Amino acid sequence: MLGFLVRLLPFWIREPLIVLVGTVFGVRILSMALVDGEGWVPAVIGAVFLLGAALRVRVVVHALRARRRPAPATEAQSAPVTPAPVTPAARRPVEKKPNAFAQASFAIGLFAVIGGALWIEGKLPEDGTAATGASRPAACRLDEDEKLPSAYRSTPEAVTGADLCRALNRTELPELLGTPDERSVYASGTDNTAPLTDRKVAQPEARVEFETYTVELSATYDKLTVAQYAKLTTYGDGRDTRKLTVLGRPALLTSDHMMKIQFDLGSGEGASSPVEQGPLARTLTVAFDGKDRGGSYDLTVWSESGLLPDDSALVGIAEAVLPRITRGARDQD
């Protein structure tokens, strides 16, 4: 129906409209495929739209050239009129009209190809990880417009939240957590600074959320060693604290409750206090180097249900993620 209505429009309205719509849709779908990483099927569909728009542009160009080309003078116009013998009128060739059946068949075939490609893509493994049950992770959300705090410029070796999120948000992370059938629903990286340091200590963070667990990775560039931190934990209850070695570096496993913040907006349903004790979290602190000269990575896992994976899962995640942390390009201004 829509195609019939479009064909009723005059040529000089219909063709530019088709070119405009085809170009807009083609560029948008191609950007989804190339920038957002939506796969090869949107790239094919976008290319089809752009190809159709290019063909329509060619038709318009030929029509413009035909209109601007002056008609050649005929002999009848230049020579004096003389009586001509009467001859039977020549039969003009019948002008072929567009074959509506062929056009409809082509449109149906094109939609069938696109639908088949979409169906095949749904059956194909994502990034080759279907064999292990893992799926493509969610893209990291970053605040690219915000400038880095001065603490990062004074600490050249410091990584950013984007670097940590890129290392943490991996396809094998659900399997390491013991939930291989899950996929990450949210991932982010932030360029924070350590509290109570007057924004002078860089502390980037990355977070990846699943339906079961939430994993957070941070790096603190202070002078506190893991050995000193282990001594500080002895002043508390000291429960669930364990010293170990990860990747040849001193490490410490600790447990603590998260904070739950709840706001009462006047509905009467909020808590009397804005801060409550949240679920229990397990944290693995690993020194930056084997000599424990200060600074560490913190890998924290928790769930709203209060369930926690085994400590071996945290160690496995650290061994898989920490070696892959690399410092990417960033603005040093």
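Analyst: Contact here means heavy atoms within 4.5 Å, and helices (H or I, at least four residues) and strands (E, at least two) are DSSP runs, numbered from the N terminus. This is a predicted model, in which local features need pLDDT of at least 70 and side-chain atom pairs count only at pLDDT 80 or more, while totals for chains, interfaces and linings use all residues. Residues are numbered from 1 along each chain as its sequence is written, and side-chain values use heavy atoms, with hydrogens and water left out.

User: Which residues of α7 are buried?

Analyst: Buried means under 20% relative accessible area, exposed over 50%, and partly exposed in between, with a 1.4 Å probe and protein chains only. In α7 the buried residues are Gly 161, Asp 163, Leu 164, Cys 165, Ala 167 and Leu 168. Because 6 of the 8 residues of α7 are buried, this helix is largely enclosed by the rest of the structure.

User: Which residues does a disulfide join?

Analyst: A disulfide is a pair of cysteine sulfur atoms within 2.5 Å. This structure holds 1 disulfide, and it joins Cys 140 to Cys 165, with an S to S distance of 2.1 Å. The link of Cys 140 and Cys 165 is left-handed, with -95° about the S-S bond. Cys 140 lies in the loop between α5 (100-123) and β1 (141-142), whereas Cys 165 lies in helix α7 (residues 161-168), so the pair ties together parts that are 25 residues apart in sequence.

User: What is the relative accessible area of Cys 140, and what is that of Cys 165?

Analyst: Cys 140 has a relative accessible area of 28% and is therefore partly exposed, while Cys 165, with 0%, is buried.

User: Which residues touch the most other members of the largest nonpolar core?

Analyst: A nonpolar core is a set of buried Ala, Val, Leu, Ile, Met, Phe, Trp, Tyr and Cys residues joined through side-chain atoms within 4.5 Å. The largest one here has 37 residues, and those that touch the most other members are Leu 168, Leu 217 and Leu 284. Helix α10 (residues 311-321) gives the largest share of this core, with 5 residues.

User: With which residues is Leu 284 in contact?

Analyst: If we leave aside its neighbours within four places in sequence, Leu 284 is in contact with Leu 244, Val 246, Ala 251, Leu 252, Leu 253, Tyr 297, Asp 298, Leu 299, Leu 314, Val 315 and Ala 318.
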